[in-house]
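Subject: Model for you to look over

Hi,

Here is the model we talked about. Please open it alongside this note, then read on for what turned up.

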Amino acid sequence: MTATSELVSRCFSCGREGAFDPRDTTCAACGGNQEILHDLPALRRILTREALARRGERSMWRYEELVPLAEGAARPGLIAGWTPLIPAPRLGEACGHRTLLLKDEGRNPSGSLKDRASAAALLGARAAGSPGIIGASTGNAGSSMACLAAEAGVGCSILVPADAPAAKIAQLLAFGARVIPVRGSYDQAFDLCLELSGRLGLYNRSTGVNPLTREGKKTCAFEICEQLDFVSPDWVFVSVGDGNIISGLHKGFTELLALGLIEKTPRLGAVQSSRSNAVAAAVARAGAAPGSPPSIEIEPVHASTRADSISVDLPRDGLAAARAVLESGGCAIEVDDEEILAHIPLVARTSGVFGEPAAVASVAGFAAAVERGLVRPAERAVCVITGNGLKDVASVTKVTGEPRRVPADPAVLEEIYGGG
Ligand SMILES: *Cc1c(COP(=O)(O)O)cnc(C)c1O
Ligand SMILES: [Zn+2]
């Protein structure tokens, strides 16, 4: 059993350690992001492959000992996690590669991987005794928090860029969150949220300042490995905005290795739009400097990608993301927006999975990595489809075009299908 009191949080920037307190946000000494450390040697005896195989729980709570505050807590009623890992041979072939699987996170309650993080954050808000939750979001983190908070009966305020896709704002409104559309960027909404959470005493779910979001997201890595009978894939590709998902995946794989459940961790492919490339640029700079450990400097960019979920000027978990790439022996890949959008129909038509732009960006990056010879032919790759395509339908018709409307007249059939 891992009681909260035994959990330690460690600062990503200065390494300072202290007892984890759910009211904690960033490091008291330097303001850096924190990560939570588990007593893995003790858990090694409990979390065996056999013990996991006996568990009936098919959700992120399957790994409850590894999610802070999850044991014995009143968990959200909505079920996040245990999403399918789908073989996608036709898509793999289209990308020039044999073994490709998709982890379809669009099937979570609000339609994105963010539900894993929101579920973990909800436990944090309860443990902290907060009167409500606040968060800044490009769209999905907010609609996810609103969804889970609605079921739990917890009040929630969400700041989003005013130009977030309509479906994501509609989700916020439907779930009854207090919606604050900020005329500005996600980064501006983020800073405003930080200010408001302090002033109003609300629990801040925003990425980076909240160490629990990574704890929830890492369960995706646990599932990928368990779904492959604990043979870790060679590569996992995922798109990167703030960098919290990839750092969560990295933490998850690293914990499984420490628990003796897998023999190696996969290489991580961080995929960014060339119009929002702060992490990829930092990795390129770190790689350019010889000697170890590499020094990582995250510098802000002017993000303008159409893949709204990964449109970030200053990645809030950029340091952890760049480290995930470098420590896993992976790569950071930039793809342009046209390639990202072209992958919406490609993925849908070859695998049956409909992803939003940021979700299929992982596949666009994978295809680019295959083309550059970074992924070897025999290697097994997983692309994480982070969010459902229904969240941004306007991006679909940008590539497919609109079908021509016709009169309700059988004569039109001849025109469409030809005279034969
Ligand atoms: C949030 C999100 C991402 C990026 O995750 P980060 O932690 O910000 O890097 C990618 N795809 C989708 C669909 C998302 O909602
Ligand atoms: Zn610090």
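Which atoms of I245 lie 2.9 Å from an oxygen atom of ligand 1, backbone or side-chain? It is a backbone N or O atom of I245 that sits at that distance from the ligand oxygen. Bear in mind throughout that this is a predicted model.

**Ligand 1**

In total, 16 residues surround ligand 1. The closest are K114, N140, G241, G243 and T386.

Two of them, C11 and C30, are 19 residues apart and link distant parts of the chain. C11 belongs to strand 1 (residues 8-11). C30 sits in the loop between strand 2 (17-19) and strand 3 (34-37).

C11 is buried, because its relative accessible area is 3% and the cut-off for buried is under 20%. C30 is partly exposed, at 42%.

G15 is in the loop between strand 1 and strand 2. This glycine is partly exposed, with a relative accessible area of 35%. Its C-alpha atom is 9.2 Å from that of G32, which is 17 residues away along the chain.

**A buried glutamate**

Is E215 buried or exposed? E215 is buried, with a relative accessibility of 0%. The residue is part of helix 8 (residues 211-217). Its side chain has a partner: a polar contact of 2.7 Å joins E215 to the side chain of K251.

**Two positive phi angles**

Two residues other than glycine have a positive phi. For L69, phi is near 70°. For D229, phi is near 50°. Both lie in loops. L69 is in the loop between helix 2 and strand 4, and D229 is in the loop between helix 9 (219-227) and strand 10. L69 counts as buried, at 15% relative accessibility. D229 is exposed, at 62%.

**Pairs far apart in sequence**

The loop that holds L69 also holds G77; this loop runs between helix 2 (49-53) and strand 4 (85-87). G77 is partly exposed, at 44% relative accessibility. The C-alpha atoms of G77 and L148 are 8.0 Å apart, although 71 residues separate them along the chain.

Strand 4 itself contains L85. L85 is buried, with a relative accessible area of 15%. How many residues separate L85 and V384 in sequence? The answer is 299, yet the C-alpha to C-alpha distance is 9.1 Å.

**Confidence**

The mean pLDDT of the protein is 94. Of its residues, 97% reach 70 or more. Where is confidence lowest? It is lowest in helix 16 (residues 411-417), where the mean is 85. It is highest in strand 10 (residues 235-239), at 99.

Over to you.

Technical notes. Residues are numbered from 1 along each chain as its sequence is written. Chains are lettered from A and ligands numbered from 1 in the order in which they are written. This is a predicted model: local features need pLDDT of at least 70, side-chain atom pairs count only at pLDDT 80 or more; totals for chains, interfaces and linings use all residues. Side-chain values use heavy atoms; hydrogens and water are left out. Helices (H or I, at least four residues) and strands (E, at least two) are DSSP runs, numbered from the N terminus. Buried means under 20% relative accessible area, exposed over 50%, partly exposed in between (1.4 Å probe, protein chains only). A residue is near a molecule or strand if one of its heavy atoms lies within 4 Å of it. A polar contact is a pair of N or O atoms within 3.5 Å; within protein, one must be able to donate a hydrogen and the other to accept it, and residues adjacent in sequence count only if both atoms are side-chain atoms. pLDDT is the predictor's confidence in each residue, from 0 to 100.
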